[in-house]
Amino acid sequence: MPAPIALAFSGGLDTSFCVPYLREETGRDVQTVTVDTGGFDDAEREQIAARSAELGASGHRLVDARRDLWDRVLQYLVKGNVLRGGVYPLCVGPERVVQAQALATAARELGATAVAHGSTGAGNDQIRFDTALRLLADAGDGGPLEILTPIRTLSLSRDDSTAYLEERGVEVETKTTEYSVNRGLWGTTIGGKETHDTDGVLPESAWPDTVAPADAPDTPHRFQIRFEAGVPVAVDGEMLDPVSLVERLNREGAAHGVGRGIHVGDTILGIKGRIAFEAPGALTLVAAHRELEKLVLTQLQLVQKAALGDLYGRLVHEGLFFDPVCRDLEAFLDSSQRRVMGDVTVEWLKGSIRVLGATSPHSLFDTGVARYGEDNALWSGRDAEGFAQIYGLQARLAARAVGGVLHES
């Protein structure tokens, strides 16, 4: 009997198509593997398992990888204050890292010689999955794993996949055809219809979890987040494991309409893409952590962290997490966080996230030494005058060298 195929399975339109298609075209059993990286409740997990059986899979496996996702990637997105394009908290890219690893591991355990995913030929996920799976297949025992990508190979549209399933008596929800929704611990992405235009605005019905900011409570919600070594550990004094903490912020933030955004960026393949997202927890944590760092780190630390954090986020987003340079960057980020501890006060109000203040035992903000615009204990006015005379000297010399022209055309 031929070896089975291990399929990365979310229960969505594209991966649902893959189950009967692979069975019919290859004559092999299909084992579905759902890697839970957040966004599922117990009822949805049961629905996914039932969907797998309905589609004819010979078996189904659920892997809870939420803590693995945090430990391996998400904590470093917080430590690096990573927001792609200044707005997008990388909701999807980190998930693919742990999903690919879990899929490859499951494939070996199931005796599969092929893995499959439902990525299209246009987006980033195909590159993320393929790059990771090839590397992981090379590192594993049992020979190489064949990678099957029916949606990409057949160049199928969502309407095509829907028609195929309906011909086989499988019901497909209309909204599944209109939008591609990916829920995860670090946020939810929504693609389709309006995101295919540069100025399309999603209707309220397209946002899965957050309430409209206009309909959010009129009373602000104020709370504190505690960080230790750059990692969030408590909300309002309640100690929480990282997964529970992020899930709490996602749930409570959604009720206040926070975390919505739309991002335009460059895909790995070099084209422009546009995606809507909901990420109350991620955006809140990055904003709070960034403000705490301003209080604790030196100016040069902040400058270097901004550059290296951005590089780390880019590598994760573009499917290069397994490159050794990411381990080097993680070591830097860990080192930079040794003194990043304290409490940050945050306020949510009708879709907005405001950081009101922060305290830390390692604060460099010392009112006993100096106050901006006031007298200080570290230098005199004469010292400052001398510094001002020297500071910018090279620019003055350069101006003289070009005849006093400060702005060359």
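What follows is a set of questions and answers about helices, loops, a cavity and a pocket.

Q: How do you know which values to trust here, and how are the residues numbered?
A: This is a predicted model, where local features need pLDDT of at least 70 and side-chain atom pairs count only at pLDDT 80 or more, while totals for chains, interfaces and linings use all residues. Residues are numbered from 1 along each chain as its sequence is written, and side-chain values use heavy atoms, with hydrogens and water left out.

Q: What makes residues 42-55 helix H2, and what span does H2 reach?
A: Helices are DSSP runs of H or I with at least four residues, strands are runs of E with at least two, and both are numbered from the N terminus. H2 has 14 residues. The expected span is 1.5 Å times one less than the number of residues.

Q: What makes Asp41 a cap for H2?
A: A side-chain oxygen of Asp41 lies 3.2 Å from the backbone nitrogen of Ala43, at the N-terminal end of H2. A polar contact is a pair of N or O atoms within 3.5 Å; within protein, one must be able to donate a hydrogen and the other to accept it, and residues adjacent in sequence count only if both atoms are side-chain atoms. After H2 comes Gly56, with a positive phi near 100°.

Q: Is Lys350 called buried, exposed or partly exposed, and what is its phi?
A: Lys350 counts as partly exposed, at 28% relative accessibility. Its phi is positive too, about 45°, although it is not a glycine. Lys350 is found in the loop between strand E13 (342-349) and strand E14 (352-359).

Q: Why is Tyr179 called buried, and what does its side chain join?
A: Its relative accessibility is 9%, so Tyr179 counts as buried. A polar contact of 2.7 Å joins the side chains of Tyr179 and Glu194. Leaving aside neighbours within four places in sequence, the residues in contact with Tyr179 include Arg158, Lys193 and Pro203. Tyr179 lies in the loop between helix H8 (174-178) and strand E6 (180-184).

Q: What makes a space a cavity, and how many does the search find?
A: On a 1 Å grid over the protein atoms alone, a cavity is a set of points where a 1.4 Å probe fits but cannot get out; a pocket is an open set with protein on both sides within 12 Å along at least five of seven lines, and lining residues have an atom within 4 Å of a point. The search finds 1 cavity of 30 Å³ or more. The largest cavity has a volume of about 60 Å³, and H4 gives the largest share of its lining, 3 residues. Grid points are joined across faces, edges and corners, and a volume is the space filled by probe spheres set on the points.

Q: What is known about the second largest pocket, and which residues are closest to its centre?
A: Its volume is about 440 Å³. Of the 20 residues that line it, Gly39, Asp209, Glu247, Asn250 and Arg251 are the closest to its centre. Helix H9 (242-255) supplies the largest share of the lining, 4 residues.

Note on methods. Buried means under 20% relative accessible area, exposed over 50%, partly exposed in between (1.4 Å probe, protein chains only). Contact means heavy atoms within 4.5 Å.
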